[in-house]
Amino acid sequence: MADYNNLMNLAKEASTNAYCKYSNFKVGACVLTSSGQTFKGCNFENSSYGLAICAERCAVGAAIVNGETSIRAVAIYSPNTDNCYPCGACRQVLNEFKDGDIDVITEENGELKITKLSYLLPESFSL
Ligand code: THU
């Protein structure tokens, strides 16, 4: 759990850099890889609205570009809402890089909540 507190703090830090001038909905995420490294991401939007990239996929991309393709946990934070769960697209992207399963860490009333990705994305698709 101590690890997850740190992971959530990194997600909070990342949310402060969210580029979300169209939705004003800030999101930060931080993935923990199987080797123990952490990678942050934030959402970044575009004047062509459909091109918005979620914080989770930004964080996964940061891990990938550093050669890390195995993810154990992800913390997700938004100052706009409790329990900022990943959208459907991000669930599928996280699923691609799961290490058995992934702990999805959110915050509810200031407390960490842990949900398994397999619960959020049952009967998932993979090739
Ligand atoms: N967003 C995320 O970053 N992660 C999610 O899982 C849900 C949505 C972002 C996308 C967009 O910039 C803003 O939140 C509002 O949808």
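## A tour from loop to ligand

Select Asn109, in the loop between S4 and strand S5 (111-116). Helices (H or I, at least four residues) and strands (E, at least two) are DSSP runs, numbered from the N terminus. Asn109 has a positive phi of about 50°, although it is not a glycine. Is Asn109 buried or exposed? At 68% relative accessibility, Asn109 counts as exposed. Buried means under 20% relative accessible area, exposed over 50%, and partly exposed in between (1.4 Å probe, protein chains only).

Two notes before moving on. This is a predicted model, where local features need pLDDT of at least 70 and side-chain atom pairs count only at pLDDT 80 or more, while totals for chains, interfaces and linings use all residues. Residues are numbered from 1 along each chain as its sequence is written, and side-chain values use heavy atoms, with hydrogens and water left out.

**Next stop: Asp103.** Go to strand S4 (residues 98-108) and pick Asp103. Asp103 is buried, with a relative accessible area of 12%. Which residues is Asp103 in contact with, leaving aside its neighbours within four places in sequence? They are Tyr4, Arg72, Ala73, Val74, Ile114, Thr115 and Lys116. Contact means heavy atoms within 4.5 Å.

**Now the loop between S3 and H3.** Select Asn83, which lies in this loop. Asn83 is buried too, at a relative accessible area of 16%. Check its backbone: phi of Asn83 is near 45°, a positive value in a residue other than glycine. Then show the side chain. A polar contact of 2.7 Å joins the side chains of Asn83 and Thr106. (A polar contact is a pair of N or O atoms within 3.5 Å; within protein, one must be able to donate a hydrogen and the other to accept it, and residues adjacent in sequence count only if both atoms are side-chain atoms.) Not counting residues up to four places away in sequence, Asn83 touches Thr106, Glu107, Glu108 and Lys113.

Pick Pro79, also found in the loop between S3 and H3. Pro79 is partly exposed, at 47% relative accessibility. Beyond its neighbours within four places in sequence, Pro79 is in contact with Ser15 and Lys26.

**On to helix H2.** Select residues 55-65. The buried residues of H2 are Ala55, Glu56, Ala59, Val60 and Ala63. Turn the view to look down the axis. The buried residues of H2 fall within an arc of 135°, so they line one face of the helix. The arc is that of the directions from the helix axis to the C-beta atoms. What covers these buried residues? The cover includes strand S1 (28-33), strand S2 (38-42), strand S3 (71-77) and helix H3 (88-96). Just after H2, find Gly67, which takes a positive phi of about 80°.

**Last stop: the ligand.** Select the ligand and its surroundings. Around it are Ser23, Phe25, Val27, Asn43, Glu45, Cys54, Ala55, Glu56, Tyr85, Pro86 and Cys87, each with a heavy atom within 4 Å of it. Start with Asn43: an N or O atom in its side chain is 2.9 Å from an oxygen atom of the ligand. At Ala55, a backbone N or O atom lies 2.9 Å from an oxygen atom of the ligand. At Glu56, a polar side-chain atom lies 2.7 Å from an oxygen atom of the ligand. Taken alone the ligand exposes 370 Å², and the protein buries 78% of that.

Technical notes:
Accessible areas come from the Shrake-Rupley method with a 1.4 Å probe; for residues, only the protein chains shown count as cover.
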